[in-house]
Amino acid sequence: MTARPPHRDTRSASSRAAASLRAQISAGRLLPGSKLSEVAVAAELGISRNTLREAFATLAQENLIDRRPHRGVCVARPDQADVREIYEARLAVEPSAVLWGEVTDQLAARQESVLAAAQEALGEGRMHDVGDQNQLFHDGLVQMTGSTIVMGAMDQLLARMRLMFLCKDHSPTFHANYVHRNAELWAMVMQGRRRDAAEELRRYLVDARTEVLDFLGYGAQAPRR
């Protein structure tokens, strides 16, 4: 997977632990509803249980895990309200990044690499990898803001997105349908057609929200913007 440029990690141990677990959720390695044992997870991450509890508190605030008295900690199962909330946030953030953000040479090369990897994965039928590359593409759009605060919020949103797709079986072609749209969207950006790209991204996200609500079985369509 194509990642962000490396940087010196100055976060606390609990923040690093939360980031590690968030990344595992985003990558689909922790499934909705799965129980997280304090003893096992602390040992895996090489931290104390107190530090892990601080990390769990962070992830609970982000709606990535559920902490229930006498029942332990489980990976969250997003519901209809979560779907709507996540897409409301994405509709506010991503088109703005596309409209006003900066495309550096490094970011342009990264996005082209992500698009090529998505196309290759699609051609080989590696649908999980197609989903991974889709996440990376949208992460790249938000990197256009240059804001670590906004990019951190996007990390949380993408992790919650992954949980939505893992809640139940859905069409394996869901992300496949957006490979071409991603390429078209990025072409608009690189051509300087920022307003067209932002408007297309809004339509794209509304379409995706409707599809997600449908395959999760909620039925009612989200209001069109």
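The model is a predicted one, where local features need pLDDT of at least 70 and side-chain atom pairs count only at pLDDT 80 or more, while totals for chains, interfaces and linings use all residues. Residues are numbered from 1 along each chain as its sequence is written, and side-chain values use heavy atoms, with hydrogens and water left out.

The structure holds 2 aromatic pairs (rings of Phe, Tyr and Trp, the last by its six-membered ring, with centres within 6.5 Å; planes under 30 degrees apart are stacked, over 60 edge-to-face, the rest tilted). In one, the ring centres of F137 and W186 sit 6.3 Å apart with planes at 80 degrees, so this pair is edge-to-face. F137 belongs to helix α6 and W186 to helix α8 (residues 176-190), so the contact ties together parts 49 residues apart in sequence; helices here are DSSP runs (H or I) of at least four residues, numbered from the N terminus. Y178 and Y204 have ring centres 4.8 Å apart and planes at 55 degrees, so they make a tilted pair. With Y178 in helix α8 and Y204 in helix α9, that pair ties together parts 26 residues apart. Y178 counts as buried at 3% relative accessibility, and Y204 is buried with a relative accessible area of 3%.

Both tyrosines also turn up in the lining of the largest cavity, along with residues including R90, H138 and F165. A cavity is a set of points on a 1 Å grid over the protein atoms alone where a 1.4 Å probe fits but cannot get out, and lining residues have an atom within 4 Å of a point. There are 3 cavities of 30 Å³ or more, and the largest has a volume of about 60 Å³.

As for charges, the structure holds 16 salt bridges (a side-chain nitrogen of Lys or Arg within 4 Å of a carboxyl oxygen of Asp or Glu). D82 and R160 meet in one of them at 3.1 Å, N to O. This bridge links helix α4 to helix α7, across 78 residues, and both D82 and R160 are buried. R181 bridges to D207, with the closest N and O atoms 3.1 Å apart, joining helix α8 to helix α9. D207 is partly exposed, at 24% relative accessibility. Shared partners bring R181, E200, R203 and D207 into one network of salt bridges.

Methods: On a 1 Å grid over the protein atoms alone, a cavity is a set of points where a 1.4 Å probe fits but cannot get out, and a pocket is an open set with protein on both sides within 12 Å along at least five of seven lines; lining residues have an atom within 4 Å of a point. Grid points are joined across faces, edges and corners, and a volume is the space filled by probe spheres set on the points. Helices (H or I, at least four residues) and strands (E, at least two) are DSSP runs, numbered from the N terminus. Buried means under 20% relative accessible area, exposed over 50%, partly exposed in between (1.4 Å probe, protein chains only).
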